[in-house]
Structures are given as structure tokens and as C-alpha cells.
Amino acid sequence: MTPTRRKPPRVGDGPIIRRVLIGTTLFFGAILVLAPLIVIAVEAFGQGLKAYAATIAHPDTRHAIFMTVATALIAVPVNTAFGLAAAWAITKFDFWGRRALLVVIEIPFSISPIVAGVAYLFVYGLQGLFGPMLEAADIKILFALPGIVLASMFVTAPFVARELIPLMQAQGRDLEEAATSLGASGWRTFFSVTLPNVKWALLYGVVLCNARVMGEFGAVSVVSGNIRGQTNTLPLHIELLYHDYQAAGAFAAASILATLAVVTIIAKVALERRGAGRRPALAAAAKEQNAGTSS
Amino acid sequence: MKRNVLPGLPLSLGITLFYVGLIVVLPLAALVFKAASLGPAEYWAIVSSPRAVASYRVTVLSALVATAFNLVFGLALAWVLVRYRFPGRRIVDAIVDLPFALPTAVAGIALTTLFASNGWFGSLLAPLGIKVAYTPLGIMVAMCFTSLPFIVRTVQPVLEDLDPALEEAAQSLGGSDSAIFVRVILPLLMPALLAGLSLSFARSLGEFGAIIFIAGNQPMETEITALLAFIRLEEYDYQAAAAIASVLLITAFLMLAATNLLQARALRYTARS
């Protein structure tokens, strides 16, 4: 939180520098961040409510919404289960390669979504590792929902784990050890001791994961095949409409995702008030290290 | 070391390794395998072709400019959010995350509409002879947008935890505001700033969705590397796609190593002070 002010005039508290800094940052912030949000609303409703409703009700748009929701309904719970398992293994046990595993889990975060999409093509595509095998068995992964789900899972794999791991690390193992030594089973310990302690951080991770899954564009556009009314998710449908010179339609579809983004941010702020997220990675880790060196 | 009494290691670690193996490691290994199946000469010919090199130049230069802008703007924004109280501060603080929450395709069409020559900002800039959309400038704007939160969010917590006593000591020794900022505050922020910088730069190098709408995508001029990989795929030139994607992958790993190194150094630095 903000440090308490002991002696009023701190560096940069002069009235001129204060006004200039607030004014300039708000100006650029308005241009770069606020204006895009406003222009989406203006363009979406520019042709009137009727045109807006027509776009949303169009079968292709509805199918794109369905694809996006279906992808999230599979990818988010699976990633959540993975995040919980990874956090449990990494924070409750010491094993060889623990740090390496942490690094590998974070990899998708630093890789271009296009690279992710191309990589999946070389696993499940016809020219890939399993492609011919899948073709022979008549299983369709690429250019269909499974491919979209897999690519989304890659992109968001670290989202839940990275919220849980620092928190569970900080909470230690004492409570769980007490519970098991009193005779609670592993699952009981997990559900009545661990889970209640991390619920807000878990939800925080889930919210961010969901936002990214529903909005993912690059990776999905490689593996989906962009078949109109079949394999288009909402972000892909926006691109298609936009390049079809149906800007109003594209913005109408975009307004759904923009609303999702705003709801995500509101949820994020609400969860941060309950102590989730806002994990100042550097500061927290430094504190941990400080505590380690001073004790 | 004391004996661990907790159950569930085989199950949780088993799930984790299986999932990471299937979802993360296998595809990347397949990509590397595919790229490696090209001979060295063939690989080099693809990744050093003029069009590929031009795409690296556009991508890296735009990312450098965008990161430099975000360095100044992100630092100023973090400063304003931590040090000043003004109406709407909390909303500004929340909205900083919008670039993370807004899908890149949505950001792409919104920025293009704003900066096109008939858009709100584009029409103001056009009389000045500045074209943003469909030029490298547009790529920079898109990169600035998508990577803005990194520097703000890495600097902000460190700025919040900054000990006022350090500033007071400098003030009592007669330091001017600007001298204290440059010689006391900035060095303390430096580790966080560098970490944010590398995250921001890495994100700009890999960005795709927001850029392709605003870039114009002219080969040799406004074509980013990620798009070139995508185009090669659409041309069914899978080997070239693999080779170019592998360049992006190697760059991402180098950036990841740099970030980890910077963070480790930052930790040592903060631990010492």
C-alpha cells in the first residue's frame, strides 16, 4: 500500500510537476487505452440498435459465440485442474527438477501465439507427427474444435498455476501437515484446508484464463482453418467481418468481447480487494529472500 | 530434511508432467524437429532471405521504439498512480490492465479505426503529414498498446514499497528533486524497470493480433515476422513456416533467459539493500 507520509513535501510533490505529470499521463492514457474502448462502442452502435441486433443474431455470429463459449467451457476447467495439481506438487513437495518445471510451465507466456499455432500444426497436422495416424483413424483435431481447444490450452497453461504457486508457497505446508497428522485424508485436506485458503487467487486465475481463452486470436487462427460458420471463434469472426468491409458488424461482434474485457477488469479489481493477484512478483520474492537471509 | 507427510505427490506431479508434456513440450519439440529436418544451408537460406530479414528489422525496430515509449510513459503512469491522489485514480489504475484483458483482434480493429486517415486521431494527424495506420508507426502504436501494462505493473509495487527515509536523507543533504530522482529513486527502481522492459519487449516481438490490422502488411516494409510465418503456412510452405517460427521461438527463449537473469539480479539487489 502507499507509504504513510511523514514529512509532506516528497520528491515530485511540487504543484507544477504534479499537474504536468498527471495531465500528460492521463492524456496519453486516454488516447492509447480509453479511446479504443469508446470507438468500439461508437462504431458498434453507429448504424443503430437494429443493425447491431441483426449482426449479433446472424447465424454465423451466433455460431462463433457458441465456438468461443464451448472452447472456454473445456479449456478453462482443464487448465484450472492442471493449475491446482501443479501448485500442489510444486509447493507441497521438494523434488528434483522443481525449478525447471516452474520455468517450463511459464514458457507459453513468453511465446508468440503464432509460434504456438504453427507448433500444433506439426503435431496434429497432416505434415506433423500424428497427422497421418489421425487421418487413418478419421479423427479430426486440426481445423475443428479440438485443435482450437488445444491451442487455447497452450496459450493459457500458466494462468491458474502462476496465481496459485506464489501464494501456496508463502502459506507453507504446516496447515496441511497438521490436518493429515490429525487423520484427514489427502482429498479432505485439500478441500477443507488448502482450497479455502487460496479460493480468491484461484478465482482470479480462472477469470484471467477465461478472458484470454475467449479472446485468443493468433494461435487459434492458425489451427482453426477459418471456416465460416464452422470453425470460427468470435475473434476470428471479427477479423472475417472486418476484412469483408462489414466494419459495423465487426465492431458489434467486438463489443461482446470488449464487454467481457470490462467485466474481467471489474472482477479483477474486486478480487484484488480480497487479496488476490496484485502479486508484486519482484517485491514478494525479494521479501521472501530477505526473510530467508535475515533469519 | 524432515520426512514429508503430505499425500498426493504421484497424482499431482503425474497430472502436471503429463499435461505440460502434452500441451507445452510436445508441440514445441515437434516444431524444433521440423525446423531441424531442414539442412543447415536450406535453413539459413530461409531465415536469411531478404523478406525475412526485412521482417526482423521492422519487428525489432518497432518493438524497440514501443518499449522506449512505454519505459517513459509506464514509469510516469506508475509514479502518478502511486505518488498522487486525484479523482478517478482508481479507475485509471484498473484501466491500465485493459490491454491485457481486451482481445488483440478487438484492439487491432479499434486502433486501426482511430488512426486511419479518416479516424478520430488519423484525421488530426493527416494535415501534419503523419500517417499512422498502414505504416511502421501503426505497428509501434499497436505494440505500445499491448505491452503497456508490463512496465507499470512491475514498477508500481516497488515504488509503493520505497522507503521514504531514503528520500528524506537525500533532501536533508540538500539534493534537488531532480537530483534525488535520478540518483536515489531511479537506481532503486532500475531492477524492476529492466524486468518490465524485457517483458514488454518480448511481448512486442511476438505480438500478432493487434498488429496485423493496423500494419498494412506490405512485404519488406510493414510485414512483421509472426505474419511472415503465418503467410508461409497459408502458402503450404511448411518448412519455411517452421524455420521462421523457430527464429521467433529462439528469440523468445533468449528473452526468457534475459528476463530471468535480470529478475535474479534484481532479487540480489533488493535483498542487499
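Q: A residue is buried if 20 or more other C-beta atoms, placed from the backbone, lie within 10 Å of its own, exposed if 12 or fewer do, and partly exposed in between. What share of the residues in chain B is buried?
A: Of the 273 residues in chain B, 49% are buried. Bear in mind that this is a predicted model, in which local features need pLDDT of at least 70, side-chain atom pairs count only at pLDDT 80 or more, and totals for chains, interfaces and linings use all residues. Residues are numbered from 1 along each chain as its sequence is written, while chains are lettered from A and ligands numbered from 1 in the order in which they are written.

Q: Okay, and chain A, what percentage counts as buried there?
A: Chain A has 295 residues, and 46% of them count as buried.

Q: How confident is the predictor in chain B?
A: Its mean pLDDT, the predictor's confidence in each residue from 0 to 100, is 92 in chain B, where 96% of the residues score at least 70. For the complex, the predictor gives an ipTM of 0.92 and a pTM of 0.91.

Q: Where in chain B is confidence lowest, and where is it highest?
A: The lowest mean, 85, belongs to helix α13 (residues 238–272) of chain B, and the highest, 97, to helix α6 (residues 104–115) of chain B.

Q: How many helices and strands does chain B have?
A: Chain B has 13 helices and 0 strands. Here helices (H or I, at least four residues) and strands (E, at least two) are DSSP runs, numbered from the N terminus. Chain A has 14 helices and, again, 0 strands.

Q: What do the chains span along their principal axes?
A: For chain B, the C-alpha trace spans about 75 × 65 × 35 Å. The C-alpha atoms of chain A fill a box of roughly 65 × 65 × 30 Å.

Q: Let's go back to α13 of chain B. Is B:Q239 buried or partly exposed?
A: B:Q239, which sits in helix α13 of chain B, is partly exposed because it has 16 C-beta neighbours inside 10 Å.

Q: Switching to the contact of the two chains: how many residues does each give?
A: Chain A gives 90 residues and chain B gives 90 residues. Two residues are in contact if their C-beta atoms, placed from the backbone, lie within 7 Å. On the chain A side, the largest share, 18 residues, comes from helix α1 (residues 15–45) of chain A.

Q: What about contacts inside chain A: how many join residues at least 24 apart?
A: Counting contacts in chain A between residues at least 6 apart in sequence, 74% join residues at least 24 apart. In chain B, that percentage is 76%.

Q: Which helix α10 residue of chain A is at the bend?
A: A:K199, where α10(A) bends by about 60 degrees. That bend is the angle between axes fitted to the seven residues ending there and the seven starting there. Helix α10 (residues 186–215) of chain A spans only 36 Å between its end C-alpha atoms, whereas a straight helix of 30 residues would span 44 Å. The expected span is 1.5 Å times one less than the number of residues.

Q: Why is helix α12 of chain A said to be largely enclosed?
A: Helix α12 (residues 234–243) of chain A is largely enclosed by the rest of the structure because 8 of its 10 residues are buried. Among the buried ones are A:L234, A:H237, A:E239 and A:Y242.

Q: What covers the buried residues of α12(A)?
A: The cover includes α3 (59–92), α10, α11 (218–224) and α13 (247–273) of chain A, together with α6 of chain B. Just after α12(A), A:Y245 takes a positive phi of about 60 degrees.
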